[in-house]
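The following exercises are to be worked through with the sequence and the structure in view. Each task is followed by a solution in steps.

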Amino acid sequence: MSPAKAIGTLHFIEQTVYKAEKALIAAKFNGITLNKKPFDAQKDAMKPDFIEKNPTGKVPFLETDLGCVFTSNAIARFVARCRADTSLYGTCFDDEGQIDSWLEFCTHELEVPLMTWVYPTMGLMEDVPKATSEAQQDVKKALTTLEATLKGSKYLVGEVLTLADIAVVCALREGFQRVVDMGSTSPEIGRASCRERV
């Protein structure tokens, strides 16, 4: 049996690979192949065909035969929806709405503050102590929300793993590897329970 043809090429930046991992993990769960191509912002962003393919200039982006899909959540949604016979994007219209809600939560309530905390440790942005402190508080709030939801279910939506779980785990993994430790969250948040899912 020959390997399935890739549905496209996923361009991503190595330092922020967690964004691309949302789509890569979704592809594995859906049995879909994606070609991977690390993006060098210094060289590749200057190539004339980059803006032609990807007018927003956002990375990651998925280059397909039919055009370009950009931003990490849009790419992950595209990959998850490529197979209607799996439950990665839910099993009904209501599931899809809940998954979309958790993807928005992941971006705005979790990733933005978490990466405000993480990126200075990676040299990707300047460390602003006030911003880092506020980000830490926002991450605690997000973890509290996640913990409350996961007390009643193993997954964020329904009884099966969905794209919502994948997106949250990708963001959390980066944070747990780099900045989150036992002193940074209160015991009430149940960090150990969240960490088990990462």
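pLDDT is the predictor's confidence in each residue, on a scale from 0 to 100. This is a predicted model, in which local features need pLDDT of at least 70 and side-chain atom pairs count only at pLDDT 80 or more, while totals for chains, interfaces and linings use all residues. Residues are numbered from 1 along each chain as its sequence is written, and side-chain values use heavy atoms, with hydrogens and water left out.

**Exercise 1. Confidence**

Task: State the mean pLDDT of the protein, and find where pLDDT stays under 50.

Solution. Step 1: the mean pLDDT is 88, and 90% of the residues reach 70 or more. Step 2: the stretch with pLDDT under 50 is residues 184-198. Step 3: for this stretch the model has 29 contacts beyond four places in sequence, a contact being heavy atoms within 4.5 Å.

**Exercise 2. Order of elements**

Task: Count the helices and strands of the protein and write their order from the N terminus.

Solution. Step 1: apply the definition, by which helices (H or I, at least four residues) and strands (E, at least two) are DSSP runs, numbered from the N terminus. Step 2: the count is 7 helices and 4 strands. Step 3: the order reads β-α-β-α-β-β-α-α-α-α-α.

**Exercise 3. The sheet**

Task: Determine the strand order of the sheet and the sense in which its strands pair.

Solution. Step 1: strands of a sheet pair through backbone hydrogen bonds, either parallel or antiparallel. Two strands are taken to pair if DSSP finds at least two bridges between them. Step 2: the 4 strands form an open sheet in the order 2-1-3-4, with mixed pairing. Strand 2 (35-38) and strand 4 (67-70) are the edge strands, each pairing on one side only. From one strand to the next, the twist averages 25°. Step 3: strand 1 and strand 2 run parallel and are joined by 4 bridges; T9 stands opposite N35 in strand 2. Step 4: strand 3 and strand 4 are antiparallel over 4 bridges, with G67 in strand 4 as the bridge partner of T64.

**Exercise 4. Helices on the sheet**

Solution. Step 1: axes are lines fitted to C-alpha atoms, for helices over the stretch in contact, and angles run from 0 to 180 degrees between N-to-C directions.

**Exercise 5. Loops**

Task: Describe L66, P60 and T71 in their loops.

Solution. Step 1: a hairpin of 2 residues joins strand 3 to strand 4, and L66 is placed in that loop. L66 counts as exposed because its relative accessibility is 87%; the classes are buried under 20% relative accessible area, exposed over 50% and partly exposed in between (1.4 Å probe, protein chains only). Step 2: P60, in the loop between helix 2 (48-53) and strand 3, is joined to V59 by a cis peptide bond with omega of about 10°. Step 3: T71, in the loop between strand 4 and helix 3, has a positive phi of about 75° although it is not a glycine. At 34% relative accessibility, T71 is partly exposed.

**Exercise 6. The nonpolar core**

Task: Identify the residues that touch the most other members of the largest nonpolar core, and trace their contacts.

Solution. Step 1: a nonpolar core is a set of buried Ala, Val, Leu, Ile, Met, Phe, Trp, Tyr and Cys residues joined through side-chain atoms within 4.5 Å. Step 2: the largest core has 49 residues, among which L114, L146 and L163 touch the most other members. Helix 4 (93-122) is among the elements that each supply at least two core residues, and the largest share, 12 residues, comes from helix 4. Step 3: L114 is found in helix 4 and is buried, with a relative accessible area of 2%. Beyond four places in sequence, L114 touches V139, A171, L172, G175, V179 and V180. Its C-alpha atom and that of A135, 21 residues apart along the chain, are separated by 6.4 Å. Step 4: with neighbours within four places left aside, the contacts of L163 include K22, A26, L88 and L103.
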